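Please look at the chain shown here, and then work through the questions and answers that follow.

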Amino acid sequence: MTLTNYKYSLLEDHRRRPLLLQVDDSPLGMFAVLEVSRENHKQYCGNLACLSKIRLCGFGFILVVTILIMASYVLAGERKGLLLTPLPYNFGSTLVSPGASLTFNLSTPMGLAKIKQVVRNIVSKVEFSPRKRPDLEELVHSEPHMFSVIPQKFLPGVKNPCWYEEHSGNITANPYRKNQYARYSKRFRNVFDYLRNAFREHFFKRNGKYFRIRCLPYFYIIGQPKCGTTDLYDRLRLHPEVRFSIFKEPHWWTRKRFGEASASTMWDNNAWTFFHDNTATNRDEPPFLIQDYVHALQPDARFIAILRDPVERLYSDYLYFGITNKSAEDFHEKVTESLQLFEGCLQEFSIRSCVYNSTLNSAMPVRMQVGLYIVYILDWLTVFSREQLLILRLEDHASNRKFTMHKVFSFLKLGPLTEQKEAEITKSPASNTRRLADKNLGPMLPLTREILRDFYLPFNKKLAKVLRDGAFLWESRSKAV
């Protein structure tokens with residue numbers, strides 16, 4: 001499969017998702033602009049009138065094509081080229097061998113042998129090279145605005161890093177009028193209506209000036225998706241000493257850069273090509289990661305990661321985020337295609353480069369890279385100490401929520417609870433569990449599970465060694481949640 005064909009194949013993923021051309025209660029799909037009102041075709045049309053209509057239609061067609069191309073640019077997650085243009089700085093000549101098929105006929109011994117060989121090829125190239133800690137001056141230079149608005153010293157006697165900020169604008173104006181979240185849906189608009197009405201209540205006046213308190217989170221729930229972060233969030237927010245932001249997942253560090261509980265904070269650096277010029281030095285991985293910025297601003301922050309058997313996590317991720325044609329067989333096909341794309345990347349680049357390659361991540365039909373926990377954890381440990389990271393397993397949390405919540409409370413140094421409040425936190429039903437329709441699809445194919453276990457095994461071994469806990473090998477079959 002050539003590089004150009006591979007790039008074109010990226011479009012298939014984005015065709016499955018509607019592209020909104022306006023954001024209100026009744027959004028238009030990407031093909032809605034092609035709809036025209038029906039007219040009486042028997043109506044007489046002069047030559048000049050018809051010519052004008054042809055020109056108008058031609059202009060409309062060009063406009064639609066232009067919009068779709070620009071949309072492909074946004075969806076690609078790349079700054080230097082469009083989906084319709086090969087991106088030479090991400091991969092070399094090919095991702096897989098020219099002419100190779102991205103699917104196998106696993107009903108034959110030869111097909112099974114081929115995909116197992118792909119896994120062996122990947123496993124043979126697994127190595128964990130240390131990451132160099134970035135220079136602080138270069139870090140500040142890369143994001144000068146961020147470091148200019150957040151002070152170096154915070155208020156004493158407060159767990160969160162907080163400071164007072166002078167408000168120089170009009171206190172009667174709507175501070176959220178330019179926030180794009182407010183245009184997304186009616187639910188978001190209601191939230192911003194509440195914030196706007198409460199905004200002026202939090203000002204205090206001193207020497208004729210208005211100030212408001214600003215804070216960074218005391219702790220972060222950083223990962224991973226489909227590993228129980230929502231359940232942990234819902235239980236923690238019941239503690240009287242804990243306050244979360246309005247949105248569970250603002251994705252500020254990972255996607256906006258501006259206690260959050262975004263399950264993407266640990267792993268999602270896909271926007272790095274927007275923030276850093278990677279063409280001059282031909283970079284194939286991010287020069288700076290999310291944790292570098294967090295550490296520079298909050299060296300004492302605390303983090304909670306909840307992990308799950310990566311094999312089961314991937315299937316749950318597929319069922320939750322998949323839209324149509326979901327089945328165990330479809331999942332199997334997407335796994336084999338993703339494995340081949342990952343193998344193709346490893347022919348030229350390191351494990352870290354492939355894990356952080358946004359083009360590869362967009363191309364893989366399932367998010368296999370998210371389950372490579374150890375790659376991300378090692379990078380977090382280059383800037384934060386082991387004592388600042390609490391790493392849990394979903395399987396332990398599901399079997400004994402009281403025990404894991406006590407670990408969380410102790411880690412965050414939260415005060416004691418009454419028996420009634422503790423029961424409310426620990427005995428409430430699990431949040432965000434698998435939907436009934438997805439449960440009815442049944443488990444993944446045994447063959448798929450076998451292939452994925454072989455793929456994740458070397459990463460799990462390294463994870464268990466670093467954390468000094470054999471439970472992270474996930475050798476026993478885990479319960480799907």
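Q: Which residues of helix 11 are buried?
A: This is a predicted model, in which local features need pLDDT of at least 70 and side-chain atom pairs count only at pLDDT 80 or more, while totals for chains, interfaces and linings use all residues. Residues are numbered from 1 along each chain as its sequence is written, and side-chain values use heavy atoms, with hydrogens and water left out. Buried means under 20% relative accessible area, exposed over 50%, and partly exposed in between, with a 1.4 Å probe and protein chains only. In helix 11 the buried residues are Pro310, Val311, Glu312, Arg313, Leu314, Tyr315, Ser316, Asp317, Tyr318 and Leu319.

Q: How many of the 12 residues of helix 11 are buried?
A: Helices (H or I, at least four residues) and strands (E, at least two) are DSSP runs, numbered from the N terminus. Helix 11 is mostly covered, and the number of its residues that are buried is 10.

Q: What distance separates the end C-alpha atoms of helix 11?
A: The expected span of a helix is 1.5 Å times one less than its number of residues. Helix 11 covers residues 310–321, and its 12 residues should therefore span 16 Å. The distance in the model agrees with this, at 16 Å.

Q: Is Gln298 buried or exposed?
A: Gln298 lies in the loop between helix 10 (290–297) and strand 5 (302–307). Leaving out residues up to four places away in sequence, Gln298 touches Pro161, Leu216, Pro217, Tyr220 and Phe384, where contact means heavy atoms within 4.5 Å. Because its relative accessibility is 3%, Gln298 counts as buried.

Q: How does Ile213 count at 44% relative accessibility, and what is that class called?
A: Ile213 is found in strand 3, which runs over residues 209–215. With Tyr164 and Phe204, Ile213 makes a nonpolar surface patch of about 280 Å². Because its relative accessibility is 44%, Ile213 counts as partly exposed.

Q: Which helix has the highest mean pLDDT among the elements of the chain?
A: pLDDT is the predictor's confidence in each residue, from 0 to 100, and its mean over the chain is 75. Among the elements, the lowest mean, 37, belongs to helix 1 (residues 3–15), whereas the highest, 96, belongs to helix 20.

Note on methods: Patch = residues over 30% accessible without salt bridge, like charges linked within 9 Å, V, L, I, M, F, W, Y side chains within 5 Å. Areas by Shrake-Rupley, 256 points an atom, 1.4 Å probe, with all protein chains shown as cover. Salt bridge = Lys/Arg side-chain N within 4 Å of Asp/Glu carboxyl O.
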